[in-house]
Amino acid sequence: MSDDVIRIFDTTLRDGEQSPGCSMNMAEKLEVANALVELGVDIIEAGFPIASPDDFKAVKTIAEQLGDRTTICGLARCRAEDIDRAWEALKHAQKSRIHVFLATSAIHMQYKLKMAEEEIIRRTAEMVGRARGYCDNIEFSPEDASRTELDFLCKVVETAITAGATTVNIPDTVGYATPSHYYNMIRTLKAQVPNIDQAIISTHCHNDLGLAVANSLAAVEAGARQVECTMNGLGERAGNAALEEIVMALKTRKDYYNITTNIKTPRLVPTSRLVSTVTGMKVQRNKAIVGQNAFAHEAGIHQHGMLQERTTYEIMRPEDVGFLGTNLVLGKHSGRHAFQDRLKSLGYTPDEETFQKVFDDFITLADKKKEVYDADIIALMEQRSHQVPEIWSMVSMHTSAGTGTIPTATIELRHENGDVRRDAATGDGPIDAVFVALERVVGVSVKLKDFDVSSVSSGKDALGQVNVTIADGSETYHGHGISTDVIEAASAAYLQALNKALSQRLSNEKQPAES
């Protein structure tokens, strides 16, 4: 294989967001998109413009703000209205791509599309041509390609390229393929499609059999030069190929693949953490590359080997992917300059206002903890950099609980207009009581869908981080909070989620008047 560059096509904001419970609002999508640009992805699939007004707005905003720094892509079915809507969202980007797709497997043609092969060929030529009339960068996907008869797949791909497709993506839509199967598909396309050299071959693998990354790498070996993937492997059902695993496999085994990417790998862990925080989808501890245990060694023989030579049990360095452990760095007597230097070494350069808030948080934390770790500082920084508008903010909170007593909570909140309200409630426990009281003051009654507590670092005085997911009707919202007091962290997370729900309700109420 020749020395080459694999294009990384990130679909976290489109396919990743389709994962149940992972929906993001406009501000969150823009925050993730900015992080993906900093990470160095080549193409960002920002959404499916015709799917909803919110999706259209997200793609349009990302295209306008980031379309001069990387290619912004919008998805469209092989329908005129889809393609027109996608271009309307993308047209202000300096670098744009329209991604059109049409199912080609027998089962999809029979039961979903109710179309014959001849109609698929005609529709492909017509709609790819329509998209090419808008811009020069067109991607075509024969949906469910891994279950499509190979001769017909070759015919569809040839038609798409003739009509103007510059990238042909071969989706394993339902995660059905195996590495050798997928490799042979790509090799067949290269051998039998006469104009295949006029387009880049791309992969899009789902993880239903746990083979998404393996299949993607097999396709790269067969000649694919674009990989579609998501941060943390987010996506429908079991998810997509994980961006971080693809990138580090190619980097670590460059001796075999002789392939590079444009990804700035030290940004992998920070980007993974951001996506996890925004979506509320926690990364499992033993997740490859970005999991908490990815560089942990407990077995005695492993520890002995590590002490002698790190490469005995580590095939890559933690710092290569931006992983930072729990190194003790600062205490309560550390000054602003030392703290600012440490933030910079951790990869953060906040503005003065954000820095002051994080420094104040650090001083408060240092008064509660004897030892402050890098992981604590990262958590404080991420908490402040991922702020949402606060309609209500916490003034004070008090809880009471114990054996033989009724758990109670008393809270005091301040509205953004200056009004202060207080209320009290009982619950199954102190956290439940706090949640009930918060709902009563904010005036939003929701359903708690998920509640997760974990520690940021080690020790009995470790920072606790709480992630919650609530449902307000059909919409879900995520909240995140950190504190050495898990009740305080839980209240911050729940209030953040309630603020998001209330903000959306107020926005919906204004909508008719504005239209």
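I began with burial: buried means under 20% relative accessible area, exposed over 50%, and partly exposed in between, with a 1.4 Å probe and protein chains only. This is a predicted model, where local features need pLDDT of at least 70, side-chain atom pairs count only at pLDDT 80 or more, and totals for chains, interfaces and linings use all residues. Residues are numbered from 1 along each chain as its sequence is written, and side-chain values use heavy atoms, with hydrogens and water left out.

**Entry 1: salt bridges.** I looked for a side-chain nitrogen of Lys or Arg within 4 Å of a carboxyl oxygen of Asp or Glu. The count came to 32 salt bridges.

**Entry 2: E352 and R336.** Here I found a salt bridge with the closest N and O atoms 3.0 Å apart. E352 lies in helix α14 (residues 352–368) and R336 in helix α13 (residues 336–345), so the pair ties together parts 16 residues apart in sequence. (Helices, H or I, of at least four residues and strands, E, of at least two are DSSP runs, numbered from the N terminus.) E352 is partly exposed at 49%, and R336 is partly exposed at 35%.

**Entry 3: R97 and E139.** I saw these side chains meet in a salt bridge of 2.7 Å, N to O. R97 sits in strand β5 and E139 in strand β6, 42 residues apart. R97 counts as buried because its relative accessibility is 4%; E139 is buried too, at 0%.
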